[in-house]
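Please work through the exercises below with the sequence and the 3D view at hand, and try each task before reading its solution.

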Amino acid sequence: MNHQQQLDLVKQRYSDLLVESDKVGEPILWVKKENVVEFLKFLKNQEGLEFRFLSDVTCYDDAGSDFESQGRFVVVYQLYSPQYKLRM
């Protein structure tokens with residue numbers, strides 16, 4: 001499964017998701033803070049995704065842009081799927 005197939009699977013369940021790409025083409029998914037736990041469980045347990053490795057977690061001060069934090073800080077979760085050898 002490639003990134004596009006995985007994104008299609010995610011969008012089926014989360015249609016309001018904002019998706020961007022980083023400079024090497026890996027997807028960046030913006031999730032509202034109240035949906036983070038459910039969303040991470042979905043990415044971990046959904047067949048075809050299986051992002052079971054949290055490779056990094058960090059945050060930055062955003063000062064409140066539109067979709068991002070709508071407040072002050074953004075938490076960034078970098079995930080890896082050993083099954084598909086893909087990052088998100």
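## Exercises on strands and a surface patch

**Exercise 1.** Find which strands each supply at least two residues of the nonpolar patch, and list the residues that make this patch.

*Solution.* In this predicted model, β3 (53-61) and β4 (73-81) each contribute at least two residues to the nonpolar patch. The patch itself is made by Leu 54, Val 57, Val 75 and Tyr 77, and it covers about 340 Å² of the surface.

**Exercise 2.** Decide whether Val 75 is buried, partly exposed or exposed.

*Solution.* Begin by locating Val 75, which lies in strand β4. Its relative accessible area is 46%. Because buried means under 20% and exposed means over 50%, with partly exposed in between, Val 75 counts as partly exposed.

**Exercise 3.** Work out the strand order of the open sheet of three strands, and name its edge strands.

*Solution.* The order is β3-β4-β5, and the pairing is antiparallel. Since β3 and β5 (86-87) each pair on one side only, these are the edge strands. Between β4 and β5 the antiparallel pairing runs over two bridges, and Ser 81 has Leu 86 in β5 as its bridge partner.

**Exercise 4.** Describe how β1 and β2 are joined and paired.

*Solution.* Strand β1 (residues 18-21) pairs with strand β2 (residues 27-30) in the antiparallel sense, over four bridges. Ser 21 stands opposite Pro 27 in β2. The two strands, β1 and β2, form a hairpin with five residues between them, and in the turn Gly 25 has a positive phi of about 90°.

Definitions and conventions: Residues numbered from 1 in each chain as written. Predicted model: local features only at pLDDT ≥ 70, side-chain atom pairs only at ≥ 80, totals over all residues. Heavy atoms only, no water. Patch = residues over 30% accessible without salt bridge, like charges linked within 9 Å, V, L, I, M, F, W, Y side chains within 5 Å. Areas by Shrake-Rupley, 256 points an atom, 1.4 Å probe, with all protein chains shown as cover. Salt bridge = Lys/Arg side-chain N within 4 Å of Asp/Glu carboxyl O. Buried < 20%, exposed > 50% of the residue type's maximum accessible area, 1.4 Å probe, protein only. Pairing = 2+ DSSP bridges.
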